Amino acid sequence: MLKEERQQHIISQINIHNKVLSTDLSAQLNVSEDTIRRDLNELAELGKIVKVYGGALSKSFHYPFSGREIYNKDGKKEIARKAVGLVEDGMVLLVGGGTTMIELARIFPENIHCTIFTISPLVGLELAEHPNIAVNLLAGQLAANSHIVTGSQVISQLSEIKADLCFLGTNGISITHGISDSDWEVVQVKKAMINSASKTALLSISEKLDSMQKMKICNLSAIDYLLTDLDPQSVYIEKYASIVSVI
């Protein structure tokens with residue numbers, strides 16, 4: 001594989017999954033970690049990615065966000081539009097973090113009255129001026145890369161909440177391996193969020209379908225709704241519809 005092809009693959013993986021590890025890229029591309037580190041350094045110098053310890057972040061996932069840099073912004077807006085359709089007046093909601101959740105917060109209808117608990121300060125700020133929403137920011141250690149709070153304090157607070165609906169993002173989703181992520185602390189928080197909600201809606205761009213990260217959050221059957229940027233009748237998602245309600 002030529003260097004240009006390798007680097008394009010790296011950019012694609014970073015944009016789809018928001019964060020990648022050098023070790024994973026090395027295994028995927030069958031090259032040394034030194035080669036991957038050189039690629040990441042070069043791409044960072046070109047302003048195409050954000051280099052972090054052990055890997056890299058998508059520029060669309062790095063605060064402050066620039067609209068032109070958010071990957072698949074139109075797809076994320078479509079997912080957010082579908083998510084709003086699940087919200088009913090008077091609900092207690094749990095909301096995760098990430099750019100899709102921020103798009104959801106931005107289009108929340110003003111006539112909806114509800115209580116929201118979120119692990120994302122950025123989502124909380126987007127909702128703070130909403131006239132009919134009580135916004136509760138869960139406390140914990142703020143993760144530098146994902147800008148969500150993690151740790152035992154968050155999990156303890158989540159155990160005291162019984163939400164009607166949880167909006168959750170993911171870095172990996174597949175029929176066989178379920179919902180997965182690459183960060184152990186994030187995995188624990190997402191497990192606690194699912195356990196604290198009567199129903200869970202997974203929000204994911206379609207490019208993450210059939211992908212897997214190293215750490216499992218839950219089986220696909222633990223999710224009630226799958227919201228993507230695809231038409232629910234698309235052949236690319238029909239196999240998921242036998243397990244979860246596809247929207």
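Q: How many bridges join strand β2 to β3, and do the two run parallel or antiparallel?

A: Two strands pair if DSSP finds at least two bridges between them, and strands (E, at least two residues) and helices (H or I, at least four) are DSSP runs numbered from the N terminus. This is a predicted model, in which local features need pLDDT of at least 70 and side-chain atom pairs count only at pLDDT 80 or more, while totals for chains, interfaces and linings use all residues. Residues are numbered from 1 along each chain as its sequence is written, and side-chain values use heavy atoms, with hydrogens and water left out. Here, 4 bridges join β2 (residues 49–52) to β3, and the strands run antiparallel. Ile49 has Ser58 of β3 as its bridge partner, and Lys51 has Ala56. In this hairpin 2 residues lie between the strands, and Gly54 takes a positive phi near 85°.

Q: How is the crossing of α1 and α3 to be read, and at what angle do their axes cross?

A: Angles under 35 degrees count as roughly parallel, over 145 as roughly antiparallel, 65 to 115 as roughly perpendicular and the rest as oblique. The axes of α1 (residues 3–17) and α3 (residues 33–45) come within 11 Å and cross at roughly 75°; the two helices are therefore roughly perpendicular to each other. Residues making the contact (heavy atoms within 4.5 Å) include Ile10, Ile11 and Ile14 of α1 and Ile36, Leu40 and Leu43 of α3. By class, the contact has 6 nonpolar, 2 polar and 4 charged residues, where Ala, Val, Leu, Ile, Met, Phe, Trp, Tyr, Cys and Pro count as nonpolar, Asp, Glu, Lys and Arg as charged, and the others, Gly among them, as polar.

Q: In what order do the 7 strands of the parallel open sheet stand?

A: The order is β6-β5-β4-β9-β12-β14-β15. At the edges stand β6 (133–137) and β15 (245–246), each with a single partner strand, so one side of each is left without a neighbour in the sheet. The parallel pairing of β5 (residues 114–118) with β6 extends over 5 bridges, and Thr118 stands opposite Leu137. Two helices pack on this sheet, both touching β4, β9 and β12: the direction of α5 makes about 130° with that of β9, whereas that of α8 makes about 150°.

Q: Is strand β9 largely enclosed or left open by the rest of the structure?

A: Buried means under 20% relative accessible area, exposed over 50%, and partly exposed in between (1.4 Å probe, protein chains only). In β9 (residues 163–169), 6 of the 7 residues are buried, so the strand is largely enclosed by the rest of the structure. Val95 and Phe167 are bridge partners, as are Ala163 and Ala197.

Q: Which residues have the most contacts inside the largest nonpolar core?

A: In soluble globular proteins, nonpolar side chains tend to be buried together. A nonpolar core is a set of buried Ala, Val, Leu, Ile, Met, Phe, Trp, Tyr and Cys residues joined through side-chain atoms within 4.5 Å. The largest has 33 residues, and Leu94, Leu158, Leu226 and Tyr240 have the most contacts inside it. Its largest share, 6 residues, comes from α8.

Q: Where does Ser182 lie, and is it buried or exposed?

A: Ser182 lies in the loop between β11 (178–181) and α8. Ser182 is buried, with a relative accessible area of 15%. Leaving aside neighbours within four places in sequence, Ser182 is in contact with Asn171, Gln213 and Met215.

Technical notes. Axes are lines fitted to C-alpha atoms, for helices over the stretch in contact, and angles run from 0 to 180 degrees between N-to-C directions.
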